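Please open the model in a viewer and follow the stops below in order. Each stop names a selection and then describes what is found there.

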Protein chains: 2
Amino acid sequence: MKKLALDMDDVIADYVDKAVKTYETEFNTKVDRNKMHGKKVWQIIPEEHAKVVRGFPYRPGFFRDLTIKPGAKETIEKLQQKYEVFIVTAAMEFPSSFVDKYEWIQEHLPSFSWKNLVFCGHKHIIDADFLVDDHEKNLSTFTSGEPILFSAPHNAHLNTYKRVNNWQELHDYLL
Amino acid sequence: MKKLALDMDDVIADYVDKAVKTYETEFNTKVDRNKMHGKKVWQIIPEEHAKVVRGFPYRPGFFRDLTIKPGAKETIEKLQQKYEVFIVTAAMEFPSSFVDKYEWIQEHLPSFSWKNLVFCGHKHIIDADFLVDDHEKNLSTFTSGEPILFSAPHNAHLNTYKRVNNWQELHDYLL
């Protein structure tokens, strides 16, 4: 069975949406999402705001209530019939996210086994046939299989990888 | 740079020793360690005791104060000059161990980067040139590089892998 590694944030769970909404609420402002082409939200807001937004992932609980991307659950369940599916997330940068991420998966993907869950830093330690990720730094160093870019505002400028825009497109490409 | 994946429990940190001593203290008994050849401690004690011992790794804090194996710190620091060293531990089975293991590494290997730390389940997702581990289930499924067995009581019966008995032998083999 081929191994399929799926990133978590901004592939399965919608991190960007929570970051933007949390910023808008806390600073009583509105983000023009059109300006996020190729950028993270903290790159298009005032510097003193950016410091706070860059601290969001260090907040205990921040990852616990992200929304799941449309179609992710149903597609992962189908993919599991054809592939050995792993969730590979760079949780190590944010130790307070460990339990949040673990519990999030238990809630949203209850049949997903802990045996197929990976918290890491560098992803070039991963041996898989495919890696689906939203970050170039992870895809560019992934040499054991095929890198697939999952669209997110901050990667809209990239054109060097196979791109899928949503879970329906990933479904159609892999199934 | 070649990638070297090191298991944590019973390779870097002494899990067996804490499990035996905790059992001896809580049950006011003495384990004959000679009987542990090829076995875990819970396999050589009464069944009602074994249930408790098998629950040790689920206790919050249990992994936090394991002792570091003699020579591990010094050898890892030398290995880092020649290899890209990762610590790859099957923490996913015991979610309460996440922060304990993370903090343990910060304490005992303070220069070790979070980028090179992996919490996983199955280790056949790991792409490395070497995997040093005490469990056959991890070594037998590791196909991307060379498996190296690190001696522990429960693997004393195995003779199908390159074996190192301690950190001095691992040092001499890899350096």
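In which loop of chain A is A:D10 found? Select A:D10 in this predicted model: the residue is in the loop between β1 (2–6) and α1 (15–26) of chain A. Its phi is positive, about 65 degrees, although A:D10 is not a glycine. A:D10 counts as buried, because 22 C-beta neighbours lie inside 10 Å and the threshold for a buried residue is 20 or more.

Next, select A:N28, in the loop between α1 and α2 (47–54) of chain A. A:N28 also is not a glycine, and has a positive phi of about 50 degrees. Is A:N28 buried or exposed? A:N28 is exposed, with 6 other C-beta atoms within 10 Å, and a residue is exposed if that number is 12 or fewer.

Of the 5 residues of β1(A), 4 are buried, so the strand is largely enclosed by the rest of the structure. Now display its pairing partners. Strand β2 of chain A (residues 83–89) runs parallel to β1(A) and is joined to it by 5 bridges; here A:A5 stands opposite A:F86. Strand β4 of chain A (residues 130–133) is likewise parallel to β1(A), with 3 bridges between them; on this side A:L4 stands opposite A:F130.

Then centre the view on A:V118. Leaving aside residues up to four places away in sequence, A:V118 touches A:F86, A:I87 and A:V88 in chain A, and B:V118, B:C120 and B:I125 in chain B.

From here, show the whole contact between the two chains. Chain A and chain B contribute 23 residues each. On the side of chain B that touches chain A, α4 (97–108) and β3 (117–119) of chain B each supply at least two residues. The residues of that side comprise 14 nonpolar, 5 polar and 4 charged.

Finally, superpose the chains. A rotation of 180 degrees, with 0.0 Å of shift along its axis, places chain B on chain A with an RMSD of 0.0 Å. That is the relation of a two-fold axis. Why do the copies meet through the same surface? They do so because 100% of the interface residues of chain B are also interface residues in chain A.

Note on methods. Residues numbered from 1 in each chain as written. Chains lettered and ligands numbered in written order. Predicted model: local features only at pLDDT ≥ 70, side-chain atom pairs only at ≥ 80, totals over all residues. Least-squares fit on C-alpha atoms with pLDDT ≥ 70 in both. Contact = placed C-beta atoms within 7 Å. Nonpolar A, V, L, I, M, F, W, Y, C, P; charged D, E, K, R; others polar. Pairing = 2+ DSSP bridges.
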